[in-house]
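Please read the points below with the model open beside them.

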Amino acid sequence: MSNLLIQNISQIASPKPGVVRGSELRSLNVIEEGAIYIEEGNIKAVGQLSEVLNHVEGHPVILDAEGKAAVPGFVDSHSHLVFGGNRADEFAMRSAGMSYEEIAEKGGGIVSTVEATRKASKEELKDLARIRLQKTLKQGITTMEIKSGYGLDLETERKMLAVINELKEEQPIELTATFLGAHAVPKNSTKEEYLQQVLEMIPEIADLAEYCDVFCEDGYFTKEESRKVLMKGVEHGLQPKLHTNQFNDIGGVEMALELGAVSVDHLEVLSDEDIQKIARSETVATVLPGVSYFLNIPYSPARKLLDAGALVALATDFNPGSSMTISMQLLMSMACTKMGMSVEEALSCATQNGAKALEKNKLGCITPGFQADILLLDSDNYRDLAYFFGENHVHTVIKKGEKVWELRS
Ligand SMILES: [Zn+2]
């Protein structure tokens, strides 16, 4: 691995290392007219070129940023990127005024994704995921969590997790796998039967995942059912995460905090009491504005969470049914306009705080000692990420010190 010197950067904007909550999130470390020196995939020096040059050894590759701004690579800590099929027709039906019930009667909804995912071979599923990951990389996501959960049987859940694990080796985005067998109850099964199956699946998939997740919601899994699944996961080395409080508050937050969950995700319906509890914990509150936009439901109270001192992360929830986006930039814009975040908070929540939700402590900052995951933007100002919305501002993607994507003019 060769060393890399990036010079002529208009602005290096990074969260402050270790600052993941509180009013300090409102400011970033910003260096105007700077340079970054990278050794062995890690950041060795950041600052004015004259200072950075003192750290340079040998003859690094030189990258002239030509006045672009640099920010950390985005960390998307919640996605469902591996799935079969496509639900564009369903979106069109919904947009044309058809109800969920009518769409479900036509075979739409999660059932259609489960069927398509079961039907696809592992190679087909991997090819689809690989294409999505290529698009994801261009949007500046350099680290991503992906969940299973469209198999709802052991064979397909294992197939999905195997795809994630194989793709770790085959493309540049750093991936983390989460088992979400308890995503829904499959057709032709009672909930009791399926819950038992999920518990039995856990030892069989534990070698393929790092986290265990459950959809804790009315009509899906209750608080106590969710607890059972998460505790079984812990027994097998899978740390808990939880989809909770999306449509209803059924006590998921408190249960997840009791288990020391790494994150609680969604939180569109959240009491002030739970906000305070989350704020006092180490659990990350992962908010997913793409879902609120796509389904036209309320946004989670991210402003209140931040003001209470909670550790908040922004993630895509990329999935075919409720958030078909891989643009962290668009989410940053939504976080500012719909959730009351400052641009600086949005950038921190999309980078260092996302990394917290995946327990990766050397990701998400442009600071010596951190992994060199860096984006060069087509702008000289990081604020364009949220301000000029719907545009992809990423020009160059650097992962572990290697240039892995660049915009061709
Ligand atoms: Zn999700």
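1. A nonpolar core here is a set of buried Ala, Val, Leu, Ile, Met, Phe, Trp, Tyr and Cys residues joined through C-beta atoms within 7 Å. A residue is buried if 20 or more other C-beta atoms lie within 10 Å of its own, exposed if 12 or fewer, and partly exposed in between, with C-beta atoms placed from the backbone. The model is predicted, so local features need pLDDT of at least 70 and side-chain atom pairs count only at pLDDT 80 or more, while totals for chains, interfaces and linings use all residues. Residues are numbered from 1 along each chain as its sequence is written.

2. The largest nonpolar core has 127 residues, and those touching the most other members are Ile36, Ala70, Leu314, Met332, Ala335 and Ala346. Helix H13 gives the largest share of this core, eight residues. Helices (H or I, at least four residues) and strands (E, at least two) are DSSP runs, numbered from the N terminus. The core draws at least three residues from each of domain 1 (4-73 + 365-406) and domain 2 (75-356).

3. Met332 is in contact with Leu314, Ala346, Leu347, Ala350, Leu385 and Ala386, leaving aside its neighbours within four places in sequence. Contact means that the C-beta atoms of two residues, placed from the backbone, lie within 7 Å.

4. Eight strands form an open sheet with parallel pairing, in the order E6-E7-E8-E9-E10-E11-E12-E13. Its edge strands, E6 (74-76) and E13 (311-314), each pair on one side only. Two strands pair if DSSP finds at least two bridges between them; E7 (residues 141-147) and E8 (residues 174-182) have five, in the parallel sense. Helix H13 (residues 328-339) packs on the sheet, touching E6, E7, E12 (284-287) and E13, and its direction makes about 130° with that of E13. Axes are lines fitted to C-alpha atoms, for helices over the stretch in contact, and angles run from 0 to 180 degrees between N-to-C directions.

5. What do the buried residues of H6 pack against? They pack against helix H4 (110-119), helix H5 (122-138), E7, E8 and helix H7 (191-205). Among the buried residues of H6 are Met160, Leu161, Val163, Ile164 and Leu167.

6. The domain assignment gives domain 1 (4-73 + 365-406) and domain 2 (75-356); such bounds come from an automatic or database assignment. The domain centres, taken over C-alpha atoms, are separated by 29 Å. Their contact takes 28 residues from domain 1 and 27 residues from domain 2.
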